[in-house]
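Please look at the sequence and the structure before reading on.

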Amino acid sequence: MEIKTYEANKIGGCITEIRSGSTKIIFDYGNNLDDTPQIDIKGLTYGKPEYEAVFISHYHLDHIGAIDKILDGITIYVEETTKKLYDIICDFQSKPRVKVKTFTFNKDVILANTIRVTAYKVDHSAYNSAMFLIDDGKEKALYTGDYRNNGYTGNMLIPTFKKIGKVDYLITEGTNIGDNSHIIRKELSLVKEFETIMRKYKQVFVLMASSNIDRITTMLKACNGTNHILIEDIYMAHLATMIFKEDNVPIPNPINFDNVMVYKPYYFNKKDEYFKHKYLNCFNDKNNNKMLYQPFTMNIRTSMLGDLRIFKRKHILTNACLIYSMWGGYKEKEDINKFIRETKRLGITLIKKELHTTGHASKELINEIIEITGNPKIYMIHTTLKEDKDYK
Ligand SMILES: [Zn+2]
Ligand SMILES: [Zn+2]
(Lines give C-alpha, C1' and ligand atoms only; values in the text may rest on other atoms or scores of the structure.)
(Ligands and ions follow the chains in the order given, each with its own letter.)
Protein backbone atom coordinates (compact mmCIF):
# COMPACT_ATOMS: atom_id res chain seq x y z
CA MET A 1 0.00 0.00 0.00
CA GLU A 2 1.02 3.55 -0.61
CA ILE A 3 -0.33 6.40 1.47
CA LYS A 4 -0.28 10.04 0.54
CA THR A 5 -1.77 12.90 2.52
CA TYR A 6 -2.74 16.39 1.34
CA GLU A 7 -3.19 19.44 3.56
CA ALA A 8 -2.30 17.26 6.56
CA ASN A 9 -0.65 19.94 8.68
CA LYS A 10 -3.68 22.02 9.37
CA ILE A 11 -7.04 21.49 11.00
CA GLY A 12 -9.71 20.90 8.40
CA GLY A 13 -9.65 20.08 4.70
CA CYS A 14 -7.21 17.17 5.03
CA ILE A 15 -7.29 14.58 2.24
CA THR A 16 -5.85 11.08 2.35
CA GLU A 17 -5.09 8.86 -0.62
CA ILE A 18 -4.47 5.14 -0.34
CA ARG A 19 -3.19 3.16 -3.30
CA SER A 20 -3.01 -0.59 -3.66
CA GLY A 21 -1.75 -1.81 -7.03
CA SER A 22 -3.44 0.42 -9.58
CA THR A 23 -6.45 1.21 -7.36
CA LYS A 24 -6.55 4.60 -5.68
CA ILE A 25 -9.05 5.61 -3.00
CA ILE A 26 -9.59 8.99 -1.33
CA PHE A 27 -10.71 9.48 2.26
CA ASP A 28 -12.53 12.76 2.96
CA TYR A 29 -12.72 15.75 0.65
CA GLY A 30 -13.91 18.78 2.61
CA ASN A 31 -13.47 22.53 2.80
CA ASN A 32 -10.50 24.22 4.40
CA LEU A 33 -11.48 25.92 7.64
CA ASP A 34 -8.92 28.68 7.16
CA ASP A 35 -10.50 30.12 3.99
CA THR A 36 -7.55 29.06 1.79
CA PRO A 37 -8.53 27.80 -1.69
CA GLN A 38 -9.52 24.18 -2.14
CA ILE A 39 -6.79 22.00 -3.61
CA ASP A 40 -7.49 20.29 -6.90
CA ILE A 41 -6.24 16.77 -7.53
CA LYS A 42 -5.69 15.38 -11.03
CA GLY A 43 -8.02 12.48 -11.68
CA LEU A 44 -10.24 13.48 -8.76
CA THR A 45 -11.43 16.99 -9.57
CA TYR A 46 -10.07 17.51 -13.07
CA GLY A 47 -8.92 15.42 -16.03
CA LYS A 48 -10.10 11.84 -16.48
CA PRO A 49 -11.31 10.00 -13.34
CA GLU A 50 -8.40 8.02 -11.85
CA TYR A 51 -9.87 7.15 -8.48
CA GLU A 52 -11.99 4.12 -7.65
CA ALA A 53 -13.93 5.73 -4.81
CA VAL A 54 -14.10 8.49 -2.20
CA PHE A 55 -15.14 7.63 1.36
CA ILE A 56 -16.49 10.32 3.66
CA SER A 57 -16.04 9.90 7.42
CA HIS A 58 -18.71 12.36 8.68
CA TYR A 59 -20.84 15.38 7.83
CA HIS A 60 -18.57 18.16 9.13
CA LEU A 61 -17.88 20.41 6.16
CA ASP A 62 -14.10 20.10 6.53
CA HIS A 63 -14.60 16.41 5.60
CA ILE A 64 -17.52 16.41 3.14
CA GLY A 65 -18.00 20.05 2.06
CA ALA A 66 -16.20 19.88 -1.31
CA ILE A 67 -17.62 16.61 -2.71
CA ASP A 68 -19.54 18.52 -5.35
CA LYS A 69 -16.15 19.12 -7.05
CA ILE A 70 -15.44 15.39 -7.50
CA LEU A 71 -15.56 14.15 -11.10
CA ASP A 72 -18.57 12.20 -12.35
CA GLY A 73 -17.73 8.52 -12.56
CA ILE A 74 -16.03 8.38 -9.16
CA THR A 75 -18.28 6.79 -6.55
CA ILE A 76 -18.65 8.73 -3.31
CA TYR A 77 -19.56 6.66 -0.24
CA VAL A 78 -21.36 8.23 2.72
CA GLU A 79 -22.95 6.54 5.74
CA GLU A 80 -26.72 6.06 5.34
CA THR A 81 -28.06 8.49 7.97
CA THR A 82 -25.19 10.90 7.31
CA LYS A 83 -26.37 11.12 3.71
CA LYS A 84 -29.86 12.19 4.85
CA LEU A 85 -28.39 14.69 7.33
CA TYR A 86 -26.10 16.08 4.66
CA ASP A 87 -29.08 16.64 2.35
CA ILE A 88 -30.62 18.80 5.10
CA ILE A 89 -27.29 20.62 5.65
CA CYS A 90 -27.03 21.34 1.89
CA ASP A 91 -30.57 22.72 1.77
CA PHE A 92 -30.08 24.95 4.82
CA GLN A 93 -26.65 26.15 3.75
CA SER A 94 -27.58 26.51 0.06
CA LYS A 95 -24.95 24.01 -1.08
CA PRO A 96 -25.49 21.75 -4.11
CA ARG A 97 -26.68 18.23 -3.32
CA VAL A 98 -24.49 15.44 -4.69
CA LYS A 99 -25.43 11.92 -5.71
CA VAL A 100 -23.69 9.45 -3.39
CA LYS A 101 -23.76 5.75 -2.53
CA THR A 102 -24.22 4.70 1.07
CA PHE A 103 -22.27 2.35 3.31
CA THR A 104 -23.31 0.58 6.50
CA PHE A 105 -21.16 0.22 9.61
CA ASN A 106 -19.32 -3.11 10.01
CA LYS A 107 -20.11 -4.22 6.44
CA ASP A 108 -17.37 -4.49 3.83
CA VAL A 109 -17.33 -2.53 0.61
CA ILE A 110 -15.22 -4.45 -1.94
CA LEU A 111 -13.33 -2.40 -4.51
CA ALA A 112 -11.60 -3.72 -7.64
CA ASN A 113 -12.27 -7.28 -6.38
CA THR A 114 -9.36 -7.08 -3.98
CA ILE A 115 -9.65 -4.21 -1.50
CA ARG A 116 -11.98 -4.41 1.47
CA VAL A 117 -13.05 -1.14 3.10
CA THR A 118 -14.93 -1.51 6.40
CA ALA A 119 -16.44 1.39 8.34
CA TYR A 120 -16.60 1.43 12.14
CA LYS A 121 -18.51 3.92 14.24
CA VAL A 122 -16.47 6.35 16.36
CA ASP A 123 -17.34 8.90 19.04
CA HIS A 124 -17.19 12.47 17.69
CA SER A 125 -19.24 15.68 17.82
CA ALA A 126 -20.91 14.65 14.54
CA TYR A 127 -23.52 11.88 14.59
CA ASN A 128 -22.50 8.50 13.10
CA SER A 129 -18.88 9.42 12.40
CA ALA A 130 -16.86 6.66 10.80
CA MET A 131 -13.32 5.38 10.66
CA PHE A 132 -12.22 3.02 7.89
CA LEU A 133 -10.15 -0.16 7.82
CA ILE A 134 -8.61 -0.78 4.41
CA ASP A 135 -7.39 -4.31 3.76
CA ASP A 136 -5.89 -5.31 0.40
CA GLY A 137 -5.12 -8.89 1.45
CA LYS A 138 -1.46 -8.09 2.08
CA GLU A 139 -1.55 -5.02 4.33
CA LYS A 140 -3.99 -3.09 6.49
CA ALA A 141 -4.42 0.64 6.95
CA LEU A 142 -6.70 2.38 9.43
CA TYR A 143 -8.01 5.87 8.67
CA THR A 144 -9.54 7.28 11.86
CA GLY A 145 -11.33 10.44 10.68
CA ASP A 146 -12.10 12.71 13.66
CA TYR A 147 -12.63 10.88 16.98
CA ARG A 148 -12.58 11.17 20.76
CA ASN A 149 -13.69 9.17 23.79
CA ASN A 150 -15.19 11.94 25.94
CA GLY A 151 -18.63 12.11 24.31
CA TYR A 152 -21.78 10.13 25.14
CA THR A 153 -20.69 7.17 23.00
CA GLY A 154 -17.03 7.38 24.11
CA ASN A 155 -17.06 4.04 25.94
CA MET A 156 -17.33 2.07 22.71
CA LEU A 157 -14.19 3.56 21.19
CA ILE A 158 -11.40 1.47 22.73
CA PRO A 159 -13.30 -1.84 22.28
CA THR A 160 -13.76 -0.97 18.58
CA PHE A 161 -10.01 -0.36 18.12
CA LYS A 162 -9.28 -3.60 20.01
CA LYS A 163 -11.62 -5.49 17.68
CA ILE A 164 -9.72 -4.14 14.67
CA GLY A 165 -6.37 -4.98 16.30
CA LYS A 166 -3.03 -4.64 14.55
CA VAL A 167 -2.59 -2.68 11.34
CA ASP A 168 0.40 -1.69 9.21
CA TYR A 169 -0.50 1.98 8.78
CA LEU A 170 -2.43 4.35 11.01
CA ILE A 171 -3.69 7.63 9.59
CA THR A 172 -4.91 9.49 12.65
CA GLU A 173 -6.17 12.96 13.41
CA GLY A 174 -3.93 14.97 15.72
CA THR A 175 -5.99 18.10 16.40
CA ASN A 176 -5.03 18.23 20.06
CA ILE A 177 -1.36 17.57 19.36
CA GLY A 178 0.61 20.69 18.70
CA ASP A 179 -2.43 22.78 19.61
CA ASN A 180 -3.49 22.89 23.24
CA SER A 181 -6.26 25.44 22.80
CA HIS A 182 -8.95 22.76 22.97
CA ILE A 183 -10.77 22.00 26.22
CA ILE A 184 -10.71 18.27 26.96
CA ARG A 185 -13.37 17.08 29.42
CA LYS A 186 -16.30 14.67 29.50
CA GLU A 187 -19.40 15.96 27.71
CA LEU A 188 -21.50 14.81 30.69
CA SER A 189 -19.53 17.08 33.03
CA LEU A 190 -21.03 20.11 31.25
CA VAL A 191 -24.60 19.38 32.42
CA LYS A 192 -24.21 20.76 35.97
CA GLU A 193 -22.63 24.00 34.68
CA PHE A 194 -25.43 24.50 32.17
CA GLU A 195 -27.93 23.92 35.00
CA THR A 196 -26.29 26.54 37.25
CA ILE A 197 -26.56 29.14 34.49
CA MET A 198 -30.16 28.20 33.66
CA ARG A 199 -31.11 28.76 37.31
CA LYS A 200 -29.72 32.28 37.14
CA TYR A 201 -30.98 33.46 33.73
CA LYS A 202 -34.43 33.29 32.18
CA GLN A 203 -33.29 33.37 28.54
CA VAL A 204 -30.20 31.30 27.85
CA PHE A 205 -28.77 31.46 24.32
CA VAL A 206 -26.14 28.90 23.36
CA LEU A 207 -23.76 29.77 20.52
CA MET A 208 -22.91 26.35 19.11
CA ALA A 209 -22.82 24.11 16.04
CA SER A 210 -26.43 23.12 15.29
CA SER A 211 -25.26 19.61 14.41
CA ASN A 212 -23.38 18.97 17.69
CA ILE A 213 -25.66 16.13 18.72
CA ASP A 214 -24.10 15.47 22.13
CA ARG A 215 -24.41 19.14 23.07
CA ILE A 216 -28.16 19.06 22.33
CA THR A 217 -28.45 16.11 24.72
CA THR A 218 -26.44 18.00 27.35
CA MET A 219 -28.74 21.02 27.04
CA LEU A 220 -31.89 18.94 27.44
CA LYS A 221 -30.42 17.11 30.46
CA ALA A 222 -29.77 20.51 32.05
CA CYS A 223 -33.27 21.77 31.11
CA ASN A 224 -34.74 18.71 32.81
CA GLY A 225 -32.97 19.67 36.05
CA THR A 226 -34.42 23.21 35.89
CA ASN A 227 -37.67 24.86 34.76
CA HIS A 228 -36.33 25.71 31.29
CA ILE A 229 -37.79 24.42 28.05
CA LEU A 230 -35.39 23.66 25.19
CA ILE A 231 -36.04 25.64 22.02
CA GLU A 232 -34.31 24.26 18.93
CA ASP A 233 -34.11 26.42 15.87
CA ILE A 234 -35.76 24.74 12.89
CA TYR A 235 -32.41 23.63 11.39
CA MET A 236 -31.40 21.78 14.55
CA ALA A 237 -34.96 20.43 14.91
CA HIS A 238 -34.84 18.86 11.43
CA LEU A 239 -31.41 17.25 12.04
CA ALA A 240 -32.45 15.80 15.42
CA THR A 241 -35.79 14.58 14.05
CA MET A 242 -34.08 12.89 11.08
CA ILE A 243 -31.79 10.96 13.43
CA PHE A 244 -34.78 9.82 15.46
CA LYS A 245 -36.76 8.79 12.38
CA GLU A 246 -33.86 6.94 10.73
CA ASP A 247 -32.17 5.24 13.65
CA ASN A 248 -34.68 5.53 16.49
CA VAL A 249 -32.00 7.25 18.58
CA PRO A 250 -33.70 9.67 20.99
CA ILE A 251 -31.63 12.80 20.32
CA PRO A 252 -33.76 15.60 21.84
CA ASN A 253 -36.28 16.49 19.12
CA PRO A 254 -39.68 18.19 18.97
CA ILE A 255 -41.55 15.01 18.03
CA ASN A 256 -40.65 12.87 21.03
CA PHE A 257 -40.01 15.37 23.78
CA ASP A 258 -42.76 17.49 25.34
CA ASN A 259 -40.33 20.16 26.53
CA VAL A 260 -38.60 20.62 23.15
CA MET A 261 -40.06 23.49 21.10
CA VAL A 262 -39.09 24.91 17.69
CA TYR A 263 -38.11 28.42 16.64
CA LYS A 264 -38.08 29.56 12.99
CA PRO A 265 -35.39 32.20 12.37
CA TYR A 266 -36.63 35.09 10.24
CA TYR A 267 -33.87 34.93 7.64
CA PHE A 268 -35.15 31.57 6.38
CA ASN A 269 -38.16 33.42 4.98
CA LYS A 270 -35.85 34.62 2.19
CA LYS A 271 -35.38 31.04 0.97
CA ASP A 272 -37.20 29.65 -2.07
CA GLU A 273 -40.61 27.97 -2.13
CA TYR A 274 -39.14 24.46 -2.26
CA PHE A 275 -37.29 25.12 0.99
CA LYS A 276 -40.24 26.78 2.69
CA HIS A 277 -42.57 23.95 1.77
CA LYS A 278 -40.13 21.24 2.79
CA TYR A 279 -38.71 22.72 5.98
CA LEU A 280 -40.52 25.79 7.27
CA ASN A 281 -44.04 24.39 7.24
CA CYS A 282 -43.10 21.77 9.84
CA PHE A 283 -43.44 21.53 13.62
CA ASN A 284 -46.20 24.17 13.67
CA ASP A 285 -47.66 22.63 16.85
CA LYS A 286 -44.28 23.14 18.55
CA ASN A 287 -43.91 26.78 17.60
CA ASN A 288 -45.81 29.55 19.38
CA ASN A 289 -45.27 33.04 20.72
CA LYS A 290 -45.88 31.98 24.33
CA MET A 291 -42.78 29.81 24.50
CA LEU A 292 -40.55 32.89 24.34
CA TYR A 293 -42.06 34.36 27.51
CA GLN A 294 -41.23 31.42 29.76
CA PRO A 295 -37.73 30.35 30.88
CA PHE A 296 -35.97 28.80 27.91
CA THR A 297 -32.62 27.70 26.54
CA MET A 298 -32.10 28.09 22.79
CA ASN A 299 -29.32 27.30 20.33
CA ILE A 300 -28.19 30.29 18.32
CA ARG A 301 -26.02 31.12 15.28
CA THR A 302 -24.47 34.38 14.12
CA SER A 303 -27.10 34.59 11.37
CA MET A 304 -29.78 34.88 14.09
CA LEU A 305 -28.65 38.30 15.30
CA GLY A 306 -31.72 39.87 13.66
CA ASP A 307 -33.95 37.55 15.69
CA LEU A 308 -32.28 38.70 18.92
CA ARG A 309 -32.96 42.32 17.94
CA ILE A 310 -36.63 41.45 17.45
CA PHE A 311 -36.65 39.70 20.86
CA LYS A 312 -35.30 42.92 22.36
CA ARG A 313 -38.08 44.99 20.76
CA LYS A 314 -40.72 42.53 21.94
CA HIS A 315 -39.40 42.79 25.53
CA ILE A 316 -38.49 39.10 25.60
CA LEU A 317 -34.93 39.71 26.84
CA THR A 318 -35.63 40.32 30.53
CA ASN A 319 -32.72 38.37 32.03
CA ALA A 320 -30.72 36.95 29.15
CA CYS A 321 -27.26 35.41 28.80
CA LEU A 322 -25.10 33.96 26.03
CA ILE A 323 -23.08 30.78 26.53
CA TYR A 324 -20.17 30.27 24.14
CA SER A 325 -20.19 26.54 23.36
CA MET A 326 -17.71 26.00 20.51
CA TRP A 327 -13.97 25.81 20.04
CA GLY A 328 -12.44 29.07 21.37
CA GLY A 329 -10.43 29.61 18.19
CA TYR A 330 -13.59 30.53 16.26
CA LYS A 331 -13.86 33.70 18.38
CA GLU A 332 -11.16 35.18 16.17
CA LYS A 333 -13.47 34.96 13.15
CA GLU A 334 -14.99 38.33 12.38
CA ASP A 335 -18.63 37.19 12.27
CA ILE A 336 -18.41 35.50 15.69
CA ASN A 337 -16.56 38.46 17.16
CA LYS A 338 -19.17 40.88 15.85
CA PHE A 339 -22.02 38.68 17.06
CA ILE A 340 -20.67 38.62 20.62
CA ARG A 341 -20.20 42.41 20.62
CA GLU A 342 -23.73 42.98 19.32
CA THR A 343 -25.36 40.64 21.84
CA LYS A 344 -23.67 42.62 24.64
CA ARG A 345 -25.21 45.80 23.22
CA LEU A 346 -28.62 44.12 23.39
CA GLY A 347 -28.10 43.63 27.13
CA ILE A 348 -27.34 39.92 26.89
CA THR A 349 -24.72 38.89 29.47
CA LEU A 350 -21.83 36.90 28.04
CA ILE A 351 -20.92 34.00 30.36
CA LYS A 352 -17.16 34.27 30.80
CA LYS A 353 -16.40 30.57 30.91
CA GLU A 354 -16.75 28.65 27.65
CA LEU A 355 -18.93 25.58 28.13
CA HIS A 356 -17.43 23.21 25.62
CA THR A 357 -15.39 20.09 25.18
CA THR A 358 -13.31 18.94 22.26
CA GLY A 359 -14.59 16.64 19.52
CA HIS A 360 -11.04 15.35 19.11
CA ALA A 361 -8.69 12.78 20.60
CA SER A 362 -6.36 13.73 23.46
CA LYS A 363 -2.66 12.96 23.16
CA GLU A 364 -3.10 10.17 25.73
CA LEU A 365 -5.90 8.61 23.68
CA ILE A 366 -3.83 8.74 20.47
CA ASN A 367 -0.93 7.05 22.28
CA GLU A 368 -3.27 4.32 23.49
CA ILE A 369 -4.59 3.79 19.94
CA ILE A 370 -1.04 3.55 18.56
CA GLU A 371 -0.32 0.83 21.09
CA ILE A 372 -3.54 -1.10 20.42
CA THR A 373 -2.90 -1.05 16.68
CA GLY A 374 0.59 -2.51 17.23
CA ASN A 375 2.81 0.56 16.73
CA PRO A 376 2.16 0.87 13.00
CA LYS A 377 3.63 3.48 10.66
CA ILE A 378 1.86 6.71 11.55
CA TYR A 379 0.53 9.48 9.35
CA MET A 380 -0.72 12.34 11.46
CA ILE A 381 -3.25 14.63 9.78
CA HIS A 382 -5.75 17.32 10.91
CA THR A 383 -3.02 18.81 13.08
CA THR A 384 -0.94 21.95 13.35
CA LEU A 385 2.09 19.76 14.07
CA LYS A 386 4.49 20.33 11.18
CA GLU A 387 6.37 17.05 10.87
CA ASP A 388 5.09 13.56 11.57
CA LYS A 389 8.42 12.72 13.08
CA ASP A 390 7.98 15.44 15.73
CA TYR A 391 5.37 13.25 17.28
CA LYS A 392 7.53 10.23 17.91
ZN1 LIG B 1 -12.40 17.74 11.09
ZN1 LIG C 1 -15.32 16.58 12.62
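In strand β15, Phe296, Met298 and Ile300 point one way, while Thr297 and Asn299 point the other way, and all are buried. A residue is buried if 20 or more other C-beta atoms, placed from the backbone, lie within 10 Å of its own. Strands are DSSP runs (E, at least two residues), numbered from the N terminus. Because five of the five residues of β15 (residues 296-300) are buried, the strand is largely enclosed by the rest of the structure.

This is a predicted model, in which local features need pLDDT of at least 70 and side-chain atom pairs count only at pLDDT 80 or more, whereas totals for chains, interfaces and linings use all residues. Residues are numbered from 1 along each chain as its sequence is written, and chains are lettered from A and ligands numbered from 1 in the order in which they are written.

Two strands pair if DSSP finds at least two bridges between them.

| Strand | Sense | Bridges to β15 |
|---|---|---|
| β12 (residues 203-207) | parallel | five bridges |
| β13 (residues 229-233) | parallel | three bridges |

Within these pairings, Val206 has Asn299 as its bridge partner in β15, and Ile229 stands opposite Phe296.

On the scale of the whole protein, there is a division into domain 1 (2-180 + 359-391) and domain 2 (187-350), with bounds from an automatic or database domain assignment. The C-alpha centres of the two domains lie 30 Å apart. In domain 1, 13 residues are in contact with 15 residues of domain 2, contact meaning that C-beta atoms, placed from the backbone, lie within 7 Å.

Conventions:
Two residues are in contact if their C-beta atoms, placed from the backbone, lie within 7 Å. A residue is buried if 20 or more other C-beta atoms lie within 10 Å of its own, exposed if 12 or fewer, and partly exposed in between; C-beta atoms are placed from the backbone. Helices (H or I, at least four residues) and strands (E, at least two) are DSSP runs, numbered from the N terminus.
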